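Visitor: Please take me through the aromatic rings of this protein and what surrounds them. I would like a close look at that one part.

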Amino acid sequence: MIVLKVENIKDFMAQLVTGEMFDKFHVAECEVTTFVTIRIDGRRNDGWFDTDEKPVDTGRQVLWKQLRPVVFELIRGKKTPEVFKVDFCHYLGNGDAGSLRMQYEKGELFLYTGYMQKEFSMDKAGQQTWDDNCRNFLREYGEEI
């Protein structure tokens, strides 16, 4: 696990809520605190969709691409949310999962990485690779972290 501080908050948030930067990530959970706190469970409710509308994605959580417009409506306006958190996850082909938590609070923005192995192992190579890939991913979008 690593913790990364985002210095250019305005540009990062613009990428997050209006760009496609995180669109391929699944969302485990999202929280927005403005005049109330709204928590979004990222588990998709497939029963809500008509048969012809069901998403092709077989993941258990919704994609950020699907949730982004809803969250944008919650935070847009003249005032910055007091708290804004999104727990992203990415399922790897080997059954492991990587996570990236974006947390804005008290005027600071941090990213926390995490890695869950399908099977217990003392080998931390997968975690190191995930952390490195997260840094590279953020650099591709212009984040100096």
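Guide: The structure holds 8 aromatic pairs. A pair here means that ring centres of Phe, Tyr or Trp (its six-membered ring) lie within 6.5 Å; planes under 30 degrees apart count as stacked, over 60 as edge-to-face and the rest as tilted. Take Phe 22 and Phe 88. Their ring centres are 4.6 Å apart and their planes are at 10 degrees, so this pair is stacked. Phe 22 sits in the loop between α1 and β2 and Phe 88 in strand β4, so the pair ties together parts that are 66 residues apart in sequence. Helices (H or I, at least four residues) and strands (E, at least two) are DSSP runs, numbered from the N terminus.

A word on the basis. This is a predicted model, in which local features need pLDDT of at least 70 and side-chain atom pairs count only at pLDDT 80 or more, while totals for chains, interfaces and linings use all residues. Residues are numbered from 1 along each chain as its sequence is written, and side-chain values use heavy atoms, with hydrogens and water left out.

Now the burial. Phe 22 has 0% relative accessibility, so it counts as buried. Phe 88 is buried too, with a relative accessible area of 2%. The cut-offs are under 20% relative accessible area for buried, over 50% for exposed, and partly exposed in between (1.4 Å probe, protein chains only).

The rings go beyond this pair. Phe 12, Phe 22, Phe 25, Trp 64, Phe 88 and Phe 137 form one aromatic cluster. Leaving out residues up to four places away in sequence, Phe 22 touches Phe 12, Leu 16, Trp 64, Phe 88, Leu 100, Phe 137 and Leu 138. Contact means heavy atoms within 4.5 Å. With the same exclusion of residues up to four places away, Trp 64 touches Leu 16, Phe 22, Asp 23, Phe 25, Val 27, Val 71, Phe 84, Val 86 and Phe 88.

Next, the core. The largest nonpolar core has 32 residues, and Phe 22, Trp 64, Phe 84, Phe 88 and Met 102 have the most contacts inside it. At least two of its residues come from each of β1 (3-6), α1 (9-18), β2 (26-33), α2 (64-75), β4 (83-91), β5 (97-105), β6 (108-116) and α3 (125-140). Such a core is a set of buried Ala, Val, Leu, Ile, Met, Phe, Trp, Tyr and Cys residues joined through side-chain atoms within 4.5 Å. In soluble globular proteins, nonpolar side chains tend to be buried together.

Helix α3 gives the most to the lining, with 6 residues. The lining divides into 8 nonpolar, 7 polar and 6 charged residues. Ala, Val, Leu, Ile, Met, Phe, Trp, Tyr, Cys and Pro count as nonpolar, Asp, Glu, Lys and Arg as charged, and the others, Gly among them, as polar.

Last, a contrast in exposure. Lys 106 lies in the loop between β5 and β6. At 77% relative accessibility, Lys 106 counts as exposed. Its phi is near 55 degrees, a positive value in a residue other than glycine.
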